[in-house]
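Dear colleague,

Please find the structure below, followed by an account of what was found in it.

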Amino acid sequence: MSEQSERTGAPEASSAEGEPVGEGSGERGAPEVSSGEGGPVGEGSGERGAPESPTGGGENPGAAGRKGLLRPRLNRGQLIVAVLCAVLGFAVAAQVRSNDKDTKFATARQDELVGILGDLSQRSDRLRSDIRDLDATKSGLEHDAQGQAALEDARRRATTYGILAGTLPATGPGIELTINDPQGRVRAASLLDTLEELRDAGAEVVQVGDVRVGVSTYFTDPSGGGGVMADGHLLTPPYRFLAIGDPHTLATAMNIPGGVLRTLHNSGADGVVAQREKITVQAVRSP
Amino acid sequence: MIALIGLAAGVVLGFVFHPGVPLWLQPYLPIAIVAALDAMFGGLRARLDGVFDDKVFVVSFLSNTIIAALIVFFGDQLGVGSQLSTGVVVVLGIRIFSNVAAIRRKLFQA
């Protein structure tokens, strides 16, 4: 405590007297550091601080340096330093202004520009094809007075939605997945996992046993065991999934390590995937 | 003090004349500025330590900026310009922080 007050007290006292002792020899007369040699010079521009020499006499070199910092002293070296600082300030200002002006493209590198250009042209291609489609629809609608094209369009859309909702039968390429369960180990959760995996892999239409799968399909375990209830219908082994979608993608999704088939195999059941050119899903859901 | 006046004068001049940055200098100026900032803080620290020397400051200022710009230039030639400039900025940033920490310790004893 007392030591600290002594340390801070000493420079203040000297500044109250007037000139601090160490710096007192005048403001511009004596160059403190001759630019040639001599003078305590640290390595680099003072990147390593010089060892702070502890002086006992109350002359804190740091404090003296602090006071000298704000005192204008003119000599050639100081002028050069000032000029360099001015250059730095000028460069900062110029850079800041040029950054304000053109934010992005002027400073971007070549590969960034190529990437941006690629994105843009891709996007414009997509938008252009959208324009083409919409133009075709528009001209079709304009050219038929009886609304034939509109009817056609609406019918096509109704078919699509019907297939997606499960109210219409559908055919297409896909897979047939048969799960044999000789020991009765397959639970509702396993079938649900299988269904989710099929949906993830892009199955558009799915049928389990005789049940067409829709958005509200559910699986439950019946109280007596011996099968799985799907939408209230009892399914018994072997469980048979018909899924329409890209056959290769679906089959790969079923067979991935740690995936559905592996899990089923571990629980004692086993599933077989067959890729088919044509899968016919006949079961429908009542609307 | 004169250095501070010079810095302020430079900033004022830059904003008054609003010069455009020439195209060939554009990738290198930001890095050079960061390097110059590092030299400036180093000089301030040396001043507070009482070991400031004009010549050392001038040389380190120039060499810092030129080397920083050169590294970025070579990086651009080699195709790793953006990574190298990131590296340079990180290194200089660390040095600026350590210099400022030393200055702070000198000024506030904390």
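Axes here are lines fitted to C-alpha atoms, for helices over the stretch in contact, and angles run from 0 to 180 degrees between N-to-C directions. Helices (H or I, at least four residues) and strands (E, at least two) are DSSP runs, numbered from the N terminus. This is a predicted model, in which local features need pLDDT of at least 70 and side-chain atom pairs count only at pLDDT 80 or more, while totals for chains, interfaces and linings use all residues. Residues are numbered from 1 along each chain as its sequence is written, and chains are lettered from A and ligands numbered from 1 in the order in which they are written.

Chain B has four helices and zero strands. Of its 110 residues, 43% are buried (20 or more other C-beta atoms within 10 Å of the residue's own, with C-beta atoms placed from the backbone; exposed means 12 or fewer, and partly exposed in between).

The axes of helix H2 (residues 29-49) of chain B and helix H4 (residues 81-108) of chain B come within 9 Å and cross at roughly 20 degrees. H2(B) and H4(B) are therefore roughly parallel (an angle under 35 degrees). Their contacts (C-beta atoms, placed from the backbone, within 7 Å) involve residues including B:Ile31, B:Asp38 and B:Leu48 in H2(B), and B:Ser85, B:Leu92 and B:Lys106 in H4(B).

Helix H3 (residues 54-78) of chain B packs against H4(B) at an angle of about 155 degrees, with the axes 7 Å apart. That makes H3(B) roughly antiparallel to H4(B) (an angle over 145 degrees). Here B:Ala68, B:Ile71, B:Val72, B:Gly75 and B:Asp76 of H3(B) meet B:Gly81, B:Leu84, B:Ser85 and B:Val88 of H4(B).

The unreviewed UniProt entry annotates residues 24-44, 56-74 and 80-98 of chain B as "transmembrane region"; such annotations may be inferred rather than shown by experiment. In the model, residues 56-74 of chain B are 100% helix, with end C-alpha atoms 26 Å apart. Residues 80-98 of chain B are 95% helix, and their end C-alpha atoms lie 27 Å apart.

In chain A, the UniProt annotation "transmembrane region" (unreviewed entry) covers residues 79-96, a span that is 100% helix and 0% strand. Helix H4 (residues 110-143) of chain A has 34 residues, of which the number buried is zero, so H4(A) lies largely in the open.

Yours sincerely

Definitions and conventions. The expected span of a helix is 1.5 Å times one less than its number of residues. Angles under 35 degrees count as roughly parallel, over 145 as roughly antiparallel, 65 to 115 as roughly perpendicular and the rest as oblique. Two residues are in contact if their C-beta atoms, placed from the backbone, lie within 7 Å.
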